[in-house]
Amino acid sequence: MTPAPPPPPGVRRFSPTADDTPSLRRLIGEDLQAVLDRDPSCSGRLEALLHAGWQGLALHRLAHRHYTGGRRLRAAVLTRLARLLTGMEIHAGARIGRRAFIDHGFGVVIGETAVVGDDVTLYHGVTLGSRGWLRDSDSGRRRHPVVGDGVLIGTGASVLGPVTVGDGRSIAAHSLVLRDLPASARPGSAQTARR
C-alpha cells in the first residue's frame, strides 16, 4: 500500500495512530459535550442524549469501528439503523474528528471517503458528497471532501467532490462548494464561502 500524500495546506490529516486513538466511549462523550456546549436549546445531559445529531454520530462512530475492523455487514446495518432513527446518512467509511456537532441532523449526508476534522459544526441538510460515479481506485483520486478543523457548514450547503475546506472556514447556508477553500486568514474569524 502506498503512503497517503501530505494534507493540503491549512488542513491537518485525520489519521490517528493506534496509540493516540481515543476510545469509542471518549469520542461519544466528547460529542455529547459538544451538544451541551453548542446547542442553546439543550437544557441538560438527558435532553442531549435525545439529540438526533448526537445519536446519529454515536451510531456512526460504532459503525466506523466495525468498518475499519473489516466487519462491513455490521457497519452497514448500523448505518441503516442510524438513517432510520435520525434521517442522517453517514457512510461507515467516513472519518469524523473529535467533538463534532451536527445540529438537528436530518438530511445530513456524508460520503465514504469524506474526512471531517475536529470541532466541526454541520447543520441540517448538509451534504459532503461526490460529483459522479468515480471509484476510489480510479486514477488514485478521492471522491469526497476533506473538511479541516473548526469548520462551520450552514443549513443545506453541499460540498461536492474531492475538494478541501481549510481550517476555520464558515460556509453559508445553501452554498454549493465545488472548489478548494483555503484556511481562514485569522484564527477564529468566520470567512464565509458564497456560491
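This is a predicted model: local features need pLDDT of at least 70, side-chain atom pairs count only at pLDDT 80 or more; totals for chains, interfaces and linings use all residues.
Local features here need pLDDT of at least 70, side-chain atom pairs count only at pLDDT 80 or more, and totals for chains, interfaces and linings use all residues. Residues are numbered from 1 along each chain as its sequence is written, and side-chain values use heavy atoms, with hydrogens and water left out.

Me: What span does helix α1 reach from its first C-alpha to its last?
Reply: Helices (H or I, at least four residues) and strands (E, at least two) are DSSP runs, numbered from the N terminus. Helix α1 covers residues 24-38, 15 residues in total. The expected span is 1.5 Å times one less than the number of residues. That expectation is 21 Å, and α1 comes close to it, reaching 21 Å.

Me: Which elements are among those that cover the buried residues of α1?
Reply: Buried means under 20% relative accessible area, exposed over 50%, partly exposed in between (1.4 Å probe, protein chains only). In α1 the buried residues are Leu27, Ile28, Glu30, Asp31, Leu32, Ala34 and Val35. Their cover includes α2 (45-49), α3 (52-68) and β3 (101-102).

Me: Which residue in β5 is the bridge partner of Ile96?
Reply: An open sheet of four strands, paired in parallel, has the order β2-β5-β8-β11. Its edge strands are β2 (95-96) and β11 (164-165). Two parallel bridges pair β2 with β5. In β5, Ile96 has as its bridge partner Val116.

Me: Is His60 buried or exposed?
Reply: His60 lies in helix α3. Contact means heavy atoms within 4.5 Å. Leaving out residues up to four places away in sequence, His60 touches Ile90, His91, Ala92, Ala94 and Ile96. Its relative accessible area is 4%, so His60 is buried.

Me: Where is Asp119, and what is its phi near?
Reply: Asp119 sits in the loop between β5 (115-116) and β6 (121-122). Its phi is positive, in a residue other than glycine, and is near 60°.

Me: How many residues apart are Asp119 and Arg38?
Reply: A salt bridge is a side-chain nitrogen of Lys or Arg within 4 Å of a carboxyl oxygen of Asp or Glu. Asp119 and Arg38 meet in one at 3.9 Å, N to O. The pair links distant parts of the chain, the β5-β6 loop and helix α1, with a separation of 81 residues.

Me: Which residues are linked with Asp119 in a network of salt bridges?
Reply: The whole structure holds nine salt bridges. Asp119 is partly exposed at 32% relative accessibility, and Arg38 is partly exposed at 27%. The network links Asp119 with Arg26, Glu30, Arg38, Arg98 and Arg99.

Me: Is Arg143 buried or exposed?
Reply: Arg143 and Glu112 form a salt bridge of 2.7 Å, N to O. Arg143 is in the loop between β7 (127-129) and β8 (146-147), while Glu112 is in the loop between β4 and β5, 31 residues apart. With 16% relative accessibility, Arg143 counts as buried.

Conventions: Two strands pair if DSSP finds at least two bridges between them.
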